[in-house]
Amino acid sequence: MITVDRHKCGHCGACVGVCPANAIELINRWIELSDECIECGACAKVCPVGALEILNEG
Ligand code: SF4
Ligand code: SF4
């Protein structure tokens with residue numbers, strides 16, 4: 001799953017634009033992640049502050 005560190009996020013919106021699954025929304029400076037995420041890692045790569053992280057379960 002993908003997680004966001006809301007203390008790091010600067011609300012730039014870059015992650016929203018790169019997500020191929022449209023799993024990220026930026027609403028009133030608040031990142032919302034949906035379970036549409038396919039864990040491609042694109043958002044984590046593009047985030048300038050490293051606020052997004054893919055956590056492997058198990
Ligand atoms: S890991 Fe990929 S699919 Fe998941 S939220 Fe990030 S860009 Fe979207
Ligand atoms: S790319 Fe990073 S800093 Fe920009 S909105 Fe997404 S999580 Fe926040």
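Analyst: Ser34 is exposed, because 12 other C-beta atoms lie within 10 Å of its own. A residue counts as exposed at 12 or fewer such atoms, as buried at 20 or more, and as partly exposed in between, with C-beta atoms placed from the backbone. The model is predicted: local features need pLDDT of at least 70 and side-chain atom pairs pLDDT 80 or more, whereas totals for chains, interfaces and linings use all residues. Residues are numbered from 1 along each chain as its sequence is written, while chains are lettered from A and ligands numbered from 1 in the order in which they are written.

Ser34 sits in the loop between β3 (30–33) and α2 (42–46). Helices (H or I, at least four residues) and strands (E, at least two) are DSSP runs numbered from the N terminus. Gly17 is 17 residues away from Ser34 along the chain, and the two C-alpha atoms are separated by 15 Å.

Leu26 has Ile31 in β3 as its bridge partner. The two strands form a hairpin with two residues between them, and Asn28 in the turn has a positive phi of about 50 degrees.

Ile31 also belongs to the largest nonpolar core, a set of nine residues that includes Ile24, Cys15, Cys43 and Cys47. Such a core consists of buried Ala, Val, Leu, Ile, Met, Phe, Trp, Tyr and Cys residues joined through C-beta atoms within 7 Å. Beyond its neighbours within four places in sequence, Cys15 is in contact (C-beta atoms within 7 Å) with Ile24, Cys43, Val46, Cys47 and Leu52.

Cys15 and Cys47 are also among the closest of the 15 residues around ligand 2, and Cys43 is among the closest of the 15 around ligand 1; a residue is near a ligand if its C-beta atom lies within 6 Å of it. The ligand 1 shell has 13 nonpolar residues, one polar and one charged, whereas that of ligand 2 has 12 nonpolar, three polar and no charged. Here Ala, Val, Leu, Ile, Met, Phe, Trp, Tyr, Cys and Pro are nonpolar, Asp, Glu, Lys and Arg charged, and the others, Gly among them, polar.

Over the whole protein, the elements run β-α-β-β-α-β from the N terminus, and buried residues make up 16% of the 58 residues.

Definitions and conventions. Two residues are in contact if their C-beta atoms, placed from the backbone, lie within 7 Å. Two strands pair if DSSP finds at least two bridges between them.
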